[in-house]
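Reader: I am new to reading protein models. Please pick one part of this one and take me through it closely, with what surrounds it.

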Amino acid sequence: MTNGDYTITAADTDWDAAAPTFDDEPDHGLRDAEVRQAWASRLRSWLPERACDVLDLGCGTGSLSLLAAEQGHRVTGVDRSAAMVDLARAKLAGRDAAFLVGDAAAPPVGEERFDVLLVRHVLWVLPDPGRVLRHWRGLLRPGGRFVLIEGVWGTTAPSVGMPADRLTDLLAPLVGDVRVEPLSDDRPLWGKAVDDERYAVVATA
């Protein structure tokens with residue numbers, strides 16, 4: 001199964017080995033100006049206008065962390081891959097950001113420290129996502145929000161991912177407000193047209 005030209009596999013993928021070429025995928029490295037602007041615009045609409053504390057889980061090489069920092073937010077990124085974290089630290093050198101090696105499901109951070117949990121294409125590979133979401137809820141300050149970017153990659157079986165209705169059902173007991181934004185038809189986000197299910201869920205605790 002692939003997401004564009006980048007192979008999607010389970011949580012035991014060797015992400016350290018994948019790190020040097022991870023940013024080659026348009027929506028990973030955001031090197032193309034149109035793709036970068038598309039993600040920056042979406043992120044601006046999802047994050048609070050005021051400067052806030054953002055926890056980017058499964059941050060990879062830090063591309064979304066960088067956009068959030070450029071918009072004035074304080075960012076903490078967590079990724080299980082030390083090689084990814086090294087690249088993120090280099091990418092955000094000199095900015096108000098910190099990066100930690102750790103498990104996105106149980107990040108090495110304190111509770112009720114963050115205004116936003118930003119997670120892209122991570123939840124679907126984690127065992128027991130309902131339990132993970134409950135744990136993440138405890139990391140948010142009162143009134144904080146989830147920004148969860150997920151999808152179902154592939155239009156024929158076997159596809160992988162998490163449908164939007166499954167994610168909203170898991171979130172319902174934990175939050176007071178849930179909004180789903182379809183992303184499949186926003187070609188600049190992906191650097192090409194896609195026909196599978198891609199979306200963002202923005203939910204306020």
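**A strand and its partners**

Author: Strand β7 (residues 140-153) runs antiparallel to strand β10 (residues 197-204), and eight bridges join the two. This is a predicted model: local features need pLDDT of at least 70, side-chain atom pairs count only at pLDDT 80 or more, and totals for chains, interfaces and linings use all residues. Residues are numbered from 1 along each chain as its sequence is written, and side-chain values use heavy atoms, with hydrogens and water left out.

First, some terms. Strands (E, at least two residues) and helices (H or I, at least four) are DSSP runs, numbered from the N terminus. Two strands pair if DSSP finds at least two bridges between them.

Start with β10. There, Glu 197 is the bridge partner of Val 152. Next comes strand β8 (residues 160-161). It is antiparallel to β7, with two bridges between them. Trp 153 has Val 160 as its bridge partner in β8. Now take β6. It pairs with β7 in the parallel sense, over six bridges. Val 116 stands opposite Arg 145 of β7.

How enclosed is β7? Of its 14 residues, 10 are buried, so the strand is largely enclosed by the rest of the structure. Buried means under 20% relative accessible area, exposed over 50%, and partly exposed in between (1.4 Å probe, protein chains only).

Stay with β6 for a moment. Strand β6 (residues 114-120) holds Asp 115. Its side chain meets that of Arg 50 in a salt bridge (3.6 Å, N to O). The pair links distant parts of the chain: Arg 50 sits in the loop between α3 and β3 (53-57), 65 residues from Asp 115. A salt bridge is a side-chain nitrogen of Lys or Arg within 4 Å of a carboxyl oxygen of Asp or Glu. The two ends differ in setting. Asp 115 is buried at 9% relative accessibility, whereas Arg 50 is exposed at 53%.

The story goes further. A network of salt bridges links Arg 50, Asp 53, Arg 74, Asp 115 and Arg 141. By this rule the count comes to 14 salt bridges. One of them joins Glu 70 to Arg 36, with the closest N and O atoms 2.6 Å apart. This pair also links distant parts of the chain: Glu 70 lies in helix α4 (residues 63-70) and Arg 36 in helix α3 (residues 33-46), 34 residues apart. Glu 70 is partly exposed, at 40%. Arg 36 is partly exposed too, at 26%.

Another salt bridge joins Glu 181 and Arg 179 (3.1 Å, N to O). Glu 181 is buried, at 14%. Arg 179 is partly exposed, at 35%.

What about disulfides? The structure holds zero. A disulfide is a pair of cysteine sulfur atoms within 2.5 Å. Cys 52 is in none, and the nearest cysteine sulfur, that of Cys 59, is 16 Å away. Cys 52 is buried, at 0%. Cys 59 is also buried, at 8%.
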